[in-house]
Amino acid sequence: MVDLIKDIRTYSKDSWIINYSNPAAIVAEATKRIFPSDKKIVNICDMPTSVLDAYLPLIGVKRSQIYPRYFGLNHFGWFTGLYDKETGHDYLPDLLKYVEENYDEIHEMFKKKIKDKNDHWAITFLDHLEMLHDFPYSLPNTYNLYYLYPDRTLKHYNIHHTRYDEVMNGREVMVFDYCRKIAELGRMKGTEFDISSKINPDYTVDNPQAASTVYADNDVHASYLVELVLSIINNANEIALVMIKNDGICQNLDSEMMLEVSCRIGKEEIVPLHYGSVPAFEKGLLENQYACEKLLVDAILEKDALKLRQAFTENRIVRDGDLAKKLISRFIEVNKDLWPTFK
């Protein structure tokens, strides 16, 4: 990603660069350091939007109706407000109440979406619903499951059919097939591949079953990117969730953190919305994960083997110095010459 940015800036000093690569938080941390004065690098992720698209239809609300209050790191955040753009009404308490009162029905609805034991996303949303039940004061990112329920989450994984296999055999095949067919048609609009034709604007509380199809449609990836680009092109200053240096947005978190927060996106700048202090529970989790990510980027840029080991040990999924050493050893073994030399 760093090489790509350097190449782009060789030919275009002012173009916007939208980074959608993973691991987004680590890429964002690295690009912040290497290109500190470049204000037109946008690091984004679709997952918070996917969570909204899965839950808002349960209470008959469209994502286009609301602007979110959200904070966290990439793949590790919480919605703490879902405000109506016109009235300012906060739909989050309505949603949390609805989930509490209809938990069994929603649980059954999500459970029916599971095709088999390798159906990662359907299982993820079922566990996410339980996380929402256990911590019923915000709407968390699905990836929070790795940090709050690491043992349970890792048990879902099959070493013979990993997330890598799922993406390679699923989304990648689908995306390239879509691209080939659209190229043959010569257009997307008005065809079966038109994103707008996949989104039903009339989800209602009386028909919550329809909501469960949203996260399976895989359209949020494209629609979220298009919404962001249109806000830039039209200088619309729409609110989007992007990664940006903290610098006091969340005043009790490390000022260097690349936070994922609500920002206004215009033609020339990204303007973050001030959040304020975050609660102790979330602060502890985020500071721990940021230490891991910071140490990892330190290790890569400085070629420092000790910081690499510290980064792995710090991570809540690893949590053990011996396991950290074993994982690093396996990375070296498998990647061979592609693995950097650490001092």
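Axes here are lines fitted to C-alpha atoms, for helices over the stretch in contact, and angles run from 0 to 180 degrees between N-to-C directions. Welcome to the tour! This is a predicted model, in which local features need pLDDT of at least 70 and side-chain atom pairs count only at pLDDT 80 or more, while totals for chains, interfaces and linings use all residues. Residues are numbered from 1 along each chain as its sequence is written, and side-chain values use heavy atoms, leaving out hydrogens and water. Helices (H or I, at least four residues) and strands (E, at least two) are DSSP runs, numbered from the N terminus.

**Stop 1: α3 and α6**

Select residues 47–55 for α3 and 120–134 for α6; their axes lie 12 Å apart and the helices pack at about 75°. That makes α3 roughly perpendicular to α6 (65 to 115 degrees; under 35 counts as roughly parallel, over 145 as roughly antiparallel and the rest as oblique). Now show the side chains: Met47, Ser50, Val51, Ala54 and Tyr55 of α3 meet Trp121, Phe125, His128, Leu129 and Leu132 of α6, where contact means heavy atoms within 4.5 Å. These residues divide into eight nonpolar, two polar and no charged. Ala, Val, Leu, Ile, Met, Phe, Trp, Tyr, Cys and Pro count as nonpolar, Asp, Glu, Lys and Arg as charged, and the others, Gly among them, as polar.

**Stop 2: α4 and α5**

Next, pick α4 (92–101) and α5 (103–112), whose axes come within 5 Å and cross at roughly 85°. That makes α4 roughly perpendicular to α5. Tyr98, Val99, Glu100 and Glu101 of α4 make the contact with Tyr103, Glu105 and Ile106 of α5. Four of the contact residues are nonpolar, none polar and three charged.

**Stop 3: α12 and α13**

Move to α12 (280–302) and α13 (305–314), which pack at an angle of about 155° with axes 8 Å apart. The two helices are therefore roughly antiparallel to each other. Their contact includes Leu295 and Leu296 of α12 and Leu308 and Phe312 of α13. Its residues divide into eight nonpolar, two polar and four charged.

**Stop 4: α14 and its ends**

Select residues 321–335: α14 has 15 residues and reaches 21 Å from its first C-alpha to its last, close to the 21 Å expected at 1.5 Å a residue (1.5 Å times one less than its number of residues). After α14 comes Lys336, with a positive phi near 50°.

**Stop 5: two loops**

Zoom in on Pro23, in the loop between β1 (17–19) and α2 (24–34). The peptide bond from Asn22 to Pro23 is cis, with omega near 0°. Finish at Asn235, in the loop between α11 (220–233) and β6 (238–245). Asn235 has a phi near 50°, a positive value in a residue other than glycine.
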